Amino acid sequence: MNWLRLRKPPMKIIKSLILSLLLVNLCACAENLTEIELKVIDQDGQPVKNAEVSMSFMLSKGSNKFKGTTDEKGEAIALRVGLFGVIVRINKEGYYQSKIRTSSGNQNLTMELRKKKNPTAMYAKKVTLPFPKKKEAIGFDFERADWVSPYGKGNTAHIFFYLDGEYTDVFNYSDELRISFSKPEDGLIKLTKNSTASEYHFPYLAPQKVYQNAITLKSFRSDSEKLTNYDQFALGYVFRVNTKLNSEGEIISANYGKIAGELLGSAYVDTAKGNNEGFVQFTYYYNPTPNDRSLEFDWRQNLFRDLEHEEKVKAP
């Protein structure tokens with residue numbers, strides 16, 4: 001029997017093949033290199049130095065990491081292989097964290113890092129409450145997180161809700177939620193989402209201007225159409241309650257707070273949860289100190305105790 005003897009290729013050919021493979025890999029890596037030029041500024045537009053910068057250059061599995069700090073100009077540059085965008089986080093003591101995810105490719109980014117000015121103890125809670133009775137304006141107490149008597153344990157009607165509508169199924173319903181206040185100087189100011197990457201989006205202080213005393217939110221859907229004035233881009237609302245005036249009509253005392261996102265009112269019924277008329281749902285922060293307009297919430301000082309997990313608020 002004759003055996004075919006394979007000859008070992010010359011070492012020069014082996015080295016050439018290895019070099020070619022390395023060059024192919026290097027070219028592939030070079031094509032996927034992503035450079036991020038980052039500038040970090042504070043809420044006043046001033047550069048923030050010595051901020052901790054963390055970047056994750058996303059791959060099909062895992063990511064390439066970068067960690068560094070900003071220089072005197074608030075700048076940092078990172079170069080890594082990345083395929084599916086970059087997650088950028090910025091932290092510094094005394095500031096709120098900022099975070100974004102970019103698209104793929106080289107980026108010149110300017111990110112805002114907002115100072116913690118006056119984090120404040122507040123009543124803060126995520127609320128989902130069965131509505132006691134449709135077509136009736138019912139007061140809600142921010143400090144008790146409940147309806148006022150006779151529907152709940154609340155003492156002061158800081159805000160009123162009126163719910164009307166019918167719910168058949170997810171494709172057929174009509175909801176109307178009216179929000180109002182007993183004093184003409186009390187009310188809401190609606191805010192639209194801003195472009196900041198900071199975890200703190202609201203103004204530092206509640207505005208000193210005219211507040212809207214009543215708003216109506218409507219949502220309607222049938223087999224043929226869908227209409228709503230609910231604002232999916234709403235940052236939320238700032239509210240003013242307990243307003244007192246002097247003889248000149250000037251505000252001498254008031255309480256302030258905020259509502260994160262849009263308010264929701266629905267005629268959906270769930271008798272198993274004690275919901276026979278519908279429900280309201282919102283997340284609010286109430287500052288109980290008169291004339292303190294701070295809207296920054298310190299979650300470590302929530303004035304509500306023993307909240308359920310789904311009721312807790314951590315966002316500032």
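Guide: The largest pocket holds about 280 Å³ of space. This is a predicted model, in which local features need pLDDT of at least 70, side-chain atom pairs count only at pLDDT 80 or more, and totals for chains, interfaces and linings use all residues. Residues are numbered from 1 along each chain as its sequence is written, and side-chain values use heavy atoms, with hydrogens and water left out.

How is a pocket found? Rolling a probe the size of a water molecule over the atoms shows where empty space is left. Here a pocket is an open set of points on a 1 Å grid over the protein atoms alone, where a 1.4 Å probe fits, with protein on both sides within 12 Å along at least five of seven lines. Lining residues have an atom within 4 Å of a point. The volume is the space filled by probe spheres set on the points, which are joined across faces, edges and corners.

Now the lining. The largest pocket has 16 lining residues. Tyr96, Lys116, Glu199, Trp299 and Arg300 lie nearest its centre. By type, the lining splits into 6 nonpolar, 3 polar and 7 charged residues. Nonpolar covers Ala, Val, Leu, Ile, Met, Phe, Trp, Tyr, Cys and Pro; charged covers Asp, Glu, Lys and Arg; the others, Gly among them, are polar. Strand 19 (residues 297-302) gives the most to this lining, with 4 residues. Strands are DSSP runs (E, at least two residues), numbered from the N terminus.

The second largest pocket has a volume of about 210 Å³. Its lining is Thr128, Leu129, Pro130, Tyr268, Asp270, Lys273, Asn275 and Phe279. That makes 4 nonpolar, 2 polar and 2 charged. Strand 8 (residues 120-130) supplies the largest share, 3 residues.

Rings of Phe, Tyr and Trp (its six-membered ring) pair if their centres lie within 6.5 Å; planes under 30 degrees apart are stacked, over 60 edge-to-face, and the rest tilted. By this rule there are 22 aromatic pairs. One of them joins phenylalanine 140 and phenylalanine 282 edge-to-face, at 5.5 Å centre to centre with 75° between the planes. The pair links distant parts of the chain: phenylalanine 140 sits in strand 9 (residues 138-141), phenylalanine 282 in strand 18 (residues 279-287), 142 residues apart. Buried or exposed? Phenylalanine 140 is buried, at 1% relative accessible area. Phenylalanine 282 is buried too, at 3%. Buried means under 20%, exposed over 50%, partly exposed in between (1.4 Å probe, protein chains only). Ring pairs tie both into a cluster whose members include Tyr123, Trp147, Tyr284 and Phe304.

Two rings carry a charge over the face. The rule asks for NZ of Lys or CZ of Arg within 6 Å of the ring centre and within 35 degrees of the ring normal. Lysine 117 lies over tyrosine 204, at 4.4 Å from the ring centre. Arginine 178 lies over tyrosine 162, at 4.2 Å.

Strand 9 also holds aspartate 141, which is buried at 2% relative accessible area. Aspartate 141 and asparagine 155 are 14 residues apart in sequence and 6.4 Å apart in space, C-alpha to C-alpha. Two strands pair if DSSP finds at least two bridges between them. Strand 11 and strand 12 (residues 172-180) share 9 bridges. Among the bridge partners are aspartate 169 and asparagine 172.

Between strand 10 (146-147) and strand 11 (159-169) runs a loop that contains proline 150. The peptide bond from serine 149 to proline 150 is cis, with omega near 10°.

Asparagine 291 is not a glycine, yet its phi is positive, about 70°. It lies in the loop between strand 18 and strand 19 and is partly exposed at 43%. Aspartate 306, also not a glycine, has a positive phi of about 60°. It follows strand 19 and is exposed at 79%.

Last, strand 7. In a regular strand the side chains alternate between the two faces of the sheet. Strand 7 (residues 107-112) has Gln107, Leu109 and Met111 on its covered face, and Asn108, Thr110 and Glu112 on the uncovered one. Strand 1 (residues 33-41) runs parallel to strand 7, joined by 6 bridges. Isoleucine 36 has glutamine 107 as its bridge partner there.
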